[in-house]
Structure formats: structure tokens, C-alpha cells
Amino acid sequence: MSRPQLFTPLPLRGVNARNRVAISPMQQYSAVDGCANDWHLAHMARFAMGGAGIVFVGASAVEQRGRNTHGDLGLWHDDHVEPLARVARAVQASGAVAGIQLGHCGRKAGLQKWWEGHGPLNDADAARGEAAWPTVAPSALAVGPGWRVPQEPDTTEVRRIVQAWGDAARRAHDAGFQALEIHGAHGYLVHQFLHPVSNRRQDPYGTDRHRFALEVAEAVRRHWPEALPLFWRVSLADPRDGGFELDETITLVRALQSRGVDVLDCSSGGGISSYPTEGKRIARGLEFNADMAQRIRAATGIMTMGVGLIIDPRHAENYLAQGQADLVAIGREALFNPNWAVHAEIALGANDDYASWPRQYRMWLQRRAPVADPIRTAARDRTLA
Ligand SMILES: Cc1cc2nc3c(=O)[nH]c(=O)nc-3n(C[C@H](O)[C@H](O)[C@H](O)COP(=O)(O)O)c2cc1C
């Protein structure tokens, strides 16, 4: 039987991922002053121990005012480097590529943590020590009723924000990460500049809505080594809610490629004006938009990473086999099962001797297999019946 494509290595510039399973960036809202801690270390390490090829740290703010919540990770200061370096080392120690996403929430910054409601920070939050802060966006337009109106930076200030992305990329490299992703999706700052609903500027960052995104890519590439891959997260979302028509996405992707972006992380959801608070949720799936990814991949030749409700390993394998994606990212299913990658390998018939498991576990599982595996298979078949 031929090896599943999902479990073939993926060369990315000078980096070699052991397979094509990535763990999607997932912010944990648990940082203090932007610094990673033991939670982030354990959270990330278990995905690497679970066999993923690349493990991405969630959005790390390039500016303090760009944080989604008080608990966001950051890379706006050199003090953030060493705590994140611990995380990167732990991921690499278990054989995965350590990746990190850079982000800036723009007008969607300054929210409560998810478990506190995820609405804009208010007086009650300030009283318990989590005050709101002034936010920034391409134009002084709030996301919607009840949201703070962001400040509109002048052209010089926009250039400073671009530079903050470059500085954060340098810190990501200093921390030892080997893959970097720019968050260009979900209605956050880069997406806000791209979109006519949120960008009404009259300066060159408004007359050319792609300009900010492209300058961010350039600034990051200047500080991120040639030998390391650069990912870009895009929202292949509903055009009514901040998505772009295919032609515009293709134009943007070509420009990003020429600036050194290697992989398009094909996300969806999180529109330009909507958010799952204040009743503004627009009905839409978070499912991987495989057809659109395939068309962009065919038109531009860029590598695509599929993400969104990928649960069944056979579906993941099909995306690769049909040319819709070069790798897949697993999000919530990895929270459910951090061993998703090694389990997927078994499910696809690629590894029945536990060879991909950490050597500290491997022999015990191999020895137990004649007894345990039939029991597990029978239990699974009963569940499926
Ligand atoms: C707890 C949590 C945190 C997330 N944080 C981020 C983030 O920091 N950056 C980002 O681009 N997406 C973030 N996402 C979205 C995921 O990366 C992923 O795209 C989404 O959950 C859909 O994939 P899934 O169906 O496999 O979960 C987050 C999702 C979850 C559940």
C-alpha cells in the first residue's frame, strides 16, 4: 500500500516538516503582559508529542494595542523572546517544526477573554484590572454598535505599524521559530486595510488597499531569514462579510508570492464587521473552502494549507490527493485529541508499529499491541456501527 500523502515529508525552503499535519494557531488568552508561560509550553508540546509536522503558536501581537485581550501573547518587546524560546525548544525536541503567527487586531482589539464574554472591555472589566485601551484601524469606524471607535493613524504612523511587524518577525527568529505566519484574515488589522468597508482612507494606504498588506509582507521578509518559510492566513469568507471575490484574492496572492510568501493558509469566517458577540454572528460554516483553495492554487502555484472542521483523516488525505491543499491545519480537533496526527497515521494504514510515537512511549505500546489493538479496533467499530 502506498504511503498516504499526509504522511510524506514537506520541504519548505530550508525546513523539512516530517508530515503535512499542522496545528492551527490557537490563542490561549493566558499570557501575562504578552509573555508565554507553562500553559503555552504544555499546550504546544503535546501537539508535537502527538506527531504533528508543524505546530503554530497562536496570534502574537506585534503591538501592545493590537492584542485581542489582556491575555494575548506578544512579540512587541524583546522581553517576550525568551519565554517563547522555551516553547519553540519544547516543540522541536519532539520533532515538529515550531511555527508562530504574528497578529494585530486593529479595531477588534480590546475585548474580554472568551470565558468572560468576549465583548468590548467595559467599566466592570476595568474595575477588576482589565481596562480598555485606545485601538487603531485604517479608518475611525467601529466594528458595529457598542464597539469602540478606533483611532485613524496618519501615514507616518501607518509606516511605524508596518515596521512593528518586521521587528516582531526578528524576535520570532530570535526565539528560534522556523515557520512564521502573518495573520491577514478574520477581520483583523491587515484584513481591515484590505477591505473597502473598513478602509476609507484617502492616502496611499487607502487608494491602494493592498499596500499595507504588501508592505507588511516586505517588512517581515526583511527580518525573517530566506531559508525559513512564510505563511499568510487569508479568509476565504463570504463576500458579504469581508471575503473577496476570487479574482481579487488571486491578485493579492500573486503579489504576496513575489514578496516571499510561500504558503496560503486558507481560513474562513471571522468577517470584517461580524463577531460572535452582540448578535452579529452571520450564519456561515468554518469549513475548509476546498474548491476556492484549489482554484487559487491552480492559478498561482502557491502552496495551500487547508483548515476548518477537518476531523476525519480520510478527508484530510483527499484534500491532498485532489490538489486542494499541500498540508492541512487541525484546530479544535487537536484540542479534543492532541494525538490526532499519530492516530491519523494509524487510521490511514500507514503506521501499525507505533514508529512515529515518542520513543518514551513506543516500546510499551508495541508490546501491548497484540492485546490492546484488537480491543480498541472492536470498540471503534462498535461506535461506528
Ligand atoms: C481556542 C482557539 C483560538 C484560536 N486562535 C486563533 C489565532 O490565534 N489565530 C488564528 O488565525 N486563528 C485562531 N483560531 C482559529 C483556528 O486557527 C482555526 O482556523 C479554526 O478553529 C477552524 O479550524 P478547526 O475547525 O480545525 O478548529 C482559534 C481557534 C480556537 C478554537
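Tutor: Here's a walk through that pocket, its lining and the domains around it. First, the ground rules: this is a predicted model, where local features need pLDDT of at least 70, side-chain atom pairs count only at pLDDT 80 or more, and totals for chains, interfaces and linings use all residues. Residues are numbered from 1 along each chain as its sequence is written, and side-chain values use heavy atoms, with hydrogens and water left out.

The second largest pocket holds about 900 Å³ of space, the volume being what probe spheres set on the grid points fill, with points joined across faces, edges and corners. A pocket here is an open set of points on a 1 Å grid over the protein atoms alone where a 1.4 Å probe fits, with protein on both sides within 12 Å along at least five of seven lines; lining residues have an atom within 4 Å of a point.

There are 25 lining residues, and the closest to the centre are H343, I346, A347, R376 and R380. The largest share is from α13, with eight residues.

So where does the pocket sit? Domain 1 (5-351) and domain 2 (359-385) both contribute lining residues, so the pocket lies between them; those bounds come from an automatic or database domain assignment.

Terms used
Helix = DSSP H or I, 4+ residues; strand = E, 2+ residues; numbered from the N terminus.
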